[in-house]
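Please open the model in your viewer with the sequence panel alongside, so that residues can be selected by number as you read.

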Amino acid sequence: MSRFDGDWYSPTRLHDSPTQYHFPGDRFIPNRSLMDLDQAHTLLTSRTREVSDSTISQDEYRRKLEENLSCDKEGRPFRMLVFRGSPKSSKKSIPFIEEMQQQDEAEALYNMNTKLSQLRRLPKKESRVLDAPRINDDYYLNIMDWGKRNILAIALGSDLYLWNAETGKSEKLMQVDDQGDYPTSIAWSEDGRRVAVGRLSSKLQLWDSETSKPIRSLEGHDDRVGTVAWNGQILTSGSRDRSIINHDVRARYSMSCRVQMHSEEVCGLKWSSSGNKLASGGNENLIYIWEASMMCSSNFLYRCNGHRAAVKALAWCPYQSNVLASGGGTLDGCIKIWNIQKGTCINSIDAKAQICGLEWNRHHKEILSGHGFSATGHQNELCLWKYPSMSKLGELKCHSSRVLQLSQSPDGSTVVSAGADETLRFWEVFGQPVTDDSRVSDLDSLLSFKRSLIR
């Protein structure tokens, strides 16, 4: 075993005094100003004398090795391989780089302050108001829907109108001539070309919005069809006859499934975005969750019984597929959030008013509720709630009568409320989608490539 002579050299301690260091680059590159080149040259060129293994024991060698690795040549504590930058006093300034750093840091701080001062706020009033004469003031109807092609369908009395949000033009799609009959439910197909219309007389029809002609009639119900919902080529309808029917609109005999689990009128239907689960709300205060592949067997996944009044308003969360929001009628006045994987209620908020509609904000974690009758002065308003805390962010009060229904624009920025005061009011309440540029944090901008100094 070889041994170096007693004058063993360890790296010299850089500094004892608390010196501030500056790290202008984005990685550590050794700095020659931190090296003792004379000492390094001596260690490389001087010869060491060898001794026999018997002159030093293994324990003594280990002890001397630890001493030399943990103390400098003057016996002071020292740690090897500690990252240190060059002292500020010895750093050569580069005016151009320093100027860029200062300018961009100031810009990033300004942007942060601007974002904090420009938090999204509720609009003070609606952006547009349309007249809706002869709209039916009935909580159990679903007579408005905003399609994918930016066309709003609305039933007014016995007529069904289409309003183009891009051109501002409206046209009559259909008129029910039978006395005592009128549209009671409306839903656009996913491609925005066909509209399903349920009627008081139990009839259910498909209409072509481009030709303004009926495509076909769908049979199966014995009473008014109060709610309809699309799932691809499957149209689901709910009726006052307490039944739910799945219609395959491609098949000659359209009825593919019929279930009757609700004990009173089915007044709300909503398919999940994935199309594998259906939520149905009834006038007996219950919600049923159905698996699409198991509906024909009449076996439901869960029965949710937390409400104390009819459940019309149903909305699946767009960013959590297993979360459903529901709203109860006048005697309940609660918004409930359900975990559909477990069939449990995870939150419940007393809105103190009849809940006629719910719409999730697809751009921010919020949900908007539309309200009807109330015994505590909270009637006829829209409320925005923060999710998941369900704290109230604000209220919108412009309708003079109860809000009957809500619907959302295809881009998710605007919500329209239909009121019993015979008006349609458009609210820019949800804001524009978050752009890719805004996802870059201010810290990332501070560390951008143009400020990185490589020596």
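This is a predicted model: local features need pLDDT of at least 70, side-chain atom pairs count only at pLDDT 80 or more; totals for chains, interfaces and linings use all residues.

Residues are numbered from 1 along each chain as its sequence is written, and side-chain values use heavy atoms, with hydrogens and water left out.

**The whole chain.** Of the 455 residues, 44% count as buried, where buried means under 20% relative accessible area, exposed over 50% and partly exposed in between, with a 1.4 Å probe and protein chains only. Accessible surface comes to about 24,600 Å², and 49% of this belongs to carbon and sulfur atoms; the areas come from the Shrake-Rupley method with a 1.4 Å probe, and for residues only the protein chains shown count as cover.

**The cores.** Next select L152, L160, L424 and F426, which have the most contacts inside the largest nonpolar core, a set of 30 residues. A nonpolar core here is a set of buried Ala, Val, Leu, Ile, Met, Phe, Trp, Tyr and Cys residues joined through side-chain atoms within 4.5 Å. Among the strands that each supply at least two residues of this core are β4 (144-146), β6 (159-164) and β30 (423-427), but β5 gives the most, with six. Around L152, not counting residues up to four places away in sequence, the residues touched include M144, W146, W163, L424 and F426, contact meaning heavy atoms within 4.5 Å. A second, separate core of 17 residues includes A325, I349, I355 and W360.

**The cysteines.** Now select C257 and C296. The sulfur of C257 has its closest cysteine sulfur in C296, 3.5 Å away, which is too far for a bond, since a disulfide is a pair of cysteine sulfur atoms within 2.5 Å. The structure holds zero disulfides. C257 is buried at 6% relative accessibility, and C356 is buried at 2%.

**The aromatic pairs.** There are nine aromatic pairs to look for; rings of Phe, Tyr and Trp (its six-membered ring) pair if their centres lie within 6.5 Å, and planes under 30 degrees apart count as stacked, over 60 as edge-to-face and the rest as tilted. Y139 and Y140 form an edge-to-face pair, 5.2 Å centre to centre with 85° between the planes. Y139 is buried at 5% relative accessibility, whereas Y140 is partly exposed at 23%. Then select Y319 and Y387, whose planes stand at 45° with the ring centres 6.4 Å apart, so the pair is tilted. This pair links distant parts of the chain, 68 residues apart, with Y319 in the loop between β20 (311-316) and β21 (323-328) and Y387 in the loop between β26 (382-386) and β27 (391-396). Finally, ring pairs link W146, W163 and F426 into a cluster.

**The aspartate.** End at D248, found in strand β14 (residues 244-248) and buried, with a relative accessible area of 17%. Which residue's side chain does a polar contact of 3.0 Å join to that of D248? The partner is R250; a polar contact is a pair of N or O atoms within 3.5 Å, where within protein one must be able to donate a hydrogen and the other to accept it, and residues adjacent in sequence count only if both atoms are side-chain atoms. Leaving aside neighbours within four places in sequence, D248 is in contact with R216, Q233, I234, S254 and S256.

Key. Helices (H or I, at least four residues) and strands (E, at least two) are DSSP runs, numbered from the N terminus.
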